[in-house]
Amino acid sequence: MTRASIIVPAFNVAGTLKQTMQALLAQTYGSYEIIIVDDGSCDETPQIAAQFSTDPRVSVLRQANRGFAAARNVGISVAQGEFIGFCNAGDLWLPNKLARHVSHLRAHPKVGVSFSGSTLIDGAGTVKGRVPMPCVTGISPACIFKRNPIDNGSAMVIRRAALTDIAYRPRSEIQRDWYFDETFRHCADIECWMRMALTTDWAFEGIRDALTQTRVTDGGLCVKADRQLDAWERMVAKLTPLDPAFFRMNAPAARAYQLRDMSRRAIRDLNGARAVNLTYGSMAQSRAPLIEDPGQSLRTICAAAALFCAGPKTSRRVMQIKAALFGSKAVL
């Protein structure tokens, strides 16, 4: 196998799938396939996917709704590539992204997961800012656990051999192996990375260039964050038996990072009281974020305090003025 596969999980993404596919079909790498896995969509997603199936590089699979993890597993089960990438329907790849990752993986045979930098875009495709990259080389399991340098589900291309090394089949599954745990609707990515980091010798390594554009929306961030934290705690409970000492040492700091990130989402939702409570909760768990990432942590603390004191109406007006002056291109 020499070519690459790109798996596109798609659920009710009629508004963005076309743009995602156009970006993927513009990749400069010469030999690749795209597998769209329609995860039980009930909008126009199946019809849009079918329009692209006339291209010999594109195939479309459809399943009852089972979540992104299941869609990825189905895609992996039929993929032909030596290297497998994932792109959420709605996100965009720059034209040279796949070529850069394939070159990176071929040049570094011990690297199992290659990921890139990302920019944030809104629903209209406007760039909102750059996602921080805490580390790109020498990535330890502790770094993945605490700060997840991969950040989003469209940033990485993975060596098939690395996925094979973490494959398993639950007793309830009779058709195919699992790579991502399908019982997780949230945190399936970090669960997979942690399992790979703790049980194999494959390295994680990044490309600093922002080769991925990941789409974000502001609505309902706090609700999503609560669900993600619940899933994160379940992930910790599941994986702790693999290395109890590792989780005993690193879980408080990792939880502090999780709570700090939730505070940042509360700030984006203009919920000052919640942001302050989460910031206190983060510092109560561990001071590691403040020591290891003081810039981001101090900005979060100051923004939470300012939002709490100003109130949502004043804060909303400040956000509007900032958008008018700077185009909202700076991320917190």
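The legends below describe close-up views of a predicted model. Local features need pLDDT of at least 70 and side-chain atom pairs count only at pLDDT 80 or more, whereas totals for chains, interfaces and linings use all residues. Residues are numbered from 1 along each chain as its sequence is written, and side-chain values use heavy atoms, with hydrogens and water left out.

View 1. The whole structure has zero disulfides, a disulfide being a pair of cysteine sulfur atoms within 2.5 Å. For Cys-309, the nearest cysteine sulfur belongs to Cys-302 and is 11 Å away. Cys-309 is exposed at 69% relative accessible area, while Cys-143 is buried at 13%. Buried means under 20% relative accessible area, exposed over 50% and partly exposed in between, with a 1.4 Å probe and protein chains only.

View 2. Helix 4 spans residues 97–107 and contains His-104; helices are DSSP runs of H or I with at least four residues, numbered from the N terminus. His-104 is buried, with a relative accessibility of 9%. Beyond its neighbours within four places in sequence, His-104 has contacts (heavy atoms within 4.5 Å) with Ser-114, Glu-205, Gly-206 and Ile-207.

**View 3. Helix 7, residues 188–199.** Ten of its twelve residues are buried, so helix 7 is largely enclosed by the rest of the structure. Among the buried residues are Asp-189, Glu-191, Trp-193 and Arg-195.

**View 4. The largest cavity, with a volume of about 90 Å³.** A cavity is a set of points on a 1 Å grid over the protein atoms alone where a 1.4 Å probe fits but cannot get out, and lining residues have an atom within 4 Å of a point. Grid points are joined across faces, edges and corners, and a volume is the space filled by probe spheres set on the points. Helix 10 (272–285), helix 11 (288–292) and helix 12 (294–310) each supply at least two lining residues. The lining includes Arg-260, Met-283, Arg-287 and Leu-290.

**View 5. The second largest cavity, of about 40 Å³.** The structure has two cavities of 30 Å³ or more. Residues lining the second largest cavity include Ser-116, Val-131, Pro-149 and Asp-151.

Definitions and conventions
Expected span 1.5 Å × (residues − 1). 1 Å grid on protein atoms, 1.4 Å probe; cavity = no way out; pocket = protein on both sides within 12 Å on 5 of 7 lines; lining within 4 Å.
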